[in-house]
Amino acid sequence: KQGWQRPKQAPGSVATLTLTEPSPEASRELHMPAAPATSDDHKKEGNELFAKGDFLRAAAAYTRGIKAAPDSHVLYSNRAQAFLRLHKVGKALEDADRCIALAPDFVKGYHRKASALHALGEPARSEEAAELLLGAIERGMEDRELVRLGVTVGGKAFAARLDAFRKAAAPVAPEEGDKPAAPPPPAKKAAPPSAAAKEAPPTAAAAAKGPTEQSLSEGLGEQLPWEAPPEDFAAGCLQPILKRFLAEGLVSLPAVVYLQPAPPPKGSREEPSLGQISIKPAFASPSTLAQCADFLQGKAAEARARSAVIFVRKALIEYPCVWKEKRKQEWPFDAKADGLFMQCESHNDRVVYFTQLTESKGGVCSVGETVQLDPATFALMPRLFAT
């Protein structure tokens, strides 16, 4: 302790006062204030809060970071993302503009701004978002997240323009000069079905490995397919897929969509059939994905489907590779892990799951962990139902 201390006094004696020196520890506590938090400290705090879903406090942490480092484009990008999750679209748009102004080559700035424009819910602003993304890609910022968002925002039109740009930008082979002309190439053989399928549109009649009407009814128990809640319908579709995987291995996993039928009209004796569509060709390129999404949206509307469940084996996906370059908190699996994506859609809800599935060299199959993922980041398809 520091200061004047009164010693113990015997009865009848004269009191004296002594001054003692403070201890080194006390001196440090009294005279050395804590170092102020840096912008990196605030960014780390914000990232941790964002990962926990506490978007309001995350935005506040990023704001403190911006006060410490007003020219940090990353902090503006992060705060824009937090504002988007809080549905504060105007503020997100302001931060995205500031991010782009500070770092014109920073890809996430364009992703944040396009997301904010699209979130305004106006067709003209969505077109502006698609133009922004296409412009960024044309300036050399080729990024799978920009492409994926562009397909979501602009659909087939965006994919077609992107394909046209890529073809125009492709290097032209140099002329051969004085070399003699090469003999004409032999006639091409017909492409095998697996190669041709990459560009073929999905069809409702395409065969898909998965639940039949009988196996689905087994998965749903006593519930009728059109009466089951969407999550029960999804679980009923999943059970026969996993059962087949355990018997036949990874090769049995499908790329398929199941449409939950609407209730039959009153007085009708005919039970609605299960909508089952193979979508393996969808995951070859942005163009085929946009084409398939349009097709499925039309089919869902035509069937008055209550919900849709998308199942895709990870190894079948060439685009979009949503798991790449993700933090461990977002994607807790190894990048090479195989398994099954499940995207469940209804008019009011949207969820995405991934189940890790393994097959040993001896053919022993096992079902691993199932994790719910953020649909804003990991959805494989654009929304199939109008919200």
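Where does Ala92 lie? The points below take up that residue, then the helix packing, the cores and the backbone.

1. Basis. This is a predicted model, in which local features need pLDDT of at least 70 and side-chain atom pairs count only at pLDDT 80 or more, while totals for chains, interfaces and linings use all residues. Residues are numbered from 1 along each chain as its sequence is written, and side-chain values use heavy atoms, with hydrogens and water left out.

2. Ala92. Ala92 lies in helix 5 (residues 89–102). Helices here are DSSP runs of H or I with at least four residues, strands are runs of E with at least two, and both are numbered from the N terminus. At 0% relative accessibility, Ala92 counts as buried. Buried means under 20% relative accessible area, exposed means over 50%, and partly exposed is in between (1.4 Å probe, protein chains only). Leaving aside residues up to four places away in sequence, Ala92 touches Ala80, Phe83, Leu84 and Ala116; contact means heavy atoms within 4.5 Å.

3. Chain totals. The chain has 13 helices and 8 strands. Of its 387 residues, 41% count as buried. Among contacts between residues at least 6 apart in sequence, 62% join residues at least 24 apart.

4. Helix 4 and helix 6. Helix 4 (residues 73–85) packs on helix 6 (residues 107–119) at an angle of about 25°, and their axes are 10 Å apart. Axes are lines fitted to C-alpha atoms, for helices over the stretch in contact, and angles run from 0 to 180 degrees between N-to-C directions. The two helices are therefore roughly parallel to each other. Angles under 35 degrees count as roughly parallel, over 145 as roughly antiparallel, 65 to 115 as roughly perpendicular and the rest as oblique. Their crossing is left-handed, a term for a near helix turned anticlockwise from the far one by less than a right angle, with right-handed used if clockwise. Ser77, Ala80, Gln81 and Leu84 of helix 4 meet Lys108, Arg112, Ser115 and Ala116 of helix 6. By class, this contact has 3 nonpolar, 3 polar and 2 charged residues. In this scheme Ala, Val, Leu, Ile, Met, Phe, Trp, Tyr, Cys and Pro are nonpolar, Asp, Glu, Lys and Arg are charged, and the others, Gly among them, are polar.

5. Helix 2 and helix 4. The axes of helix 2 (residues 39–51) and helix 4 come within 11 Å and cross at roughly 25°. Helix 2 and helix 4 are therefore roughly parallel, and the crossing is left-handed. On the helix 2 side the contact uses Ser39, Lys43, Asn47 and Phe50, which meet Val74, Leu75, Asn78, Gln81, Ala82 and Arg85 in helix 4. These residues divide into 4 nonpolar, 4 polar and 2 charged.

6. Helix 2 and helix 3. For helix 2 and helix 3 (residues 55–68), the axes come within 8 Å and cross at roughly 170°. That makes helix 2 roughly antiparallel to helix 3. Helix 2 passes helix 3 in a left-handed crossing. The residues in contact include His42 and Leu49 of helix 2 and Phe55 and Tyr62 of helix 3. The contact of helix 2 with helix 3 divides into 7 nonpolar, 5 polar and 4 charged residues.

7. Cores. A nonpolar core is a set of buried Ala, Val, Leu, Ile, Met, Phe, Trp, Tyr and Cys residues joined through side-chain atoms within 4.5 Å. The largest has 74 residues, and Ile279, Phe283, Phe341 and Met381 have the most contacts inside it. Helix 8 (residues 144–169) gives the most to this core, with 8 residues. Apart from it lies another core, of 20 residues, among them Tyr258, Phe311, Leu357 and Cys365.

8. Tyr319 and Pro320 are joined by a cis peptide bond, with omega about 0°. Pro320 is in the loop between strand 5 (307–313) and strand 6 (339–346).

9. Positive phi. Arg304, not a glycine, has a positive phi of about 50°. Arg304 is in the loop between helix 12 (286–302) and strand 5, and is exposed, with a relative accessible area of 53%. Glu325 also has a positive phi, near 60°. Glu325 is in the loop between strand 5 and strand 6 and counts as exposed at 71% relative accessibility.
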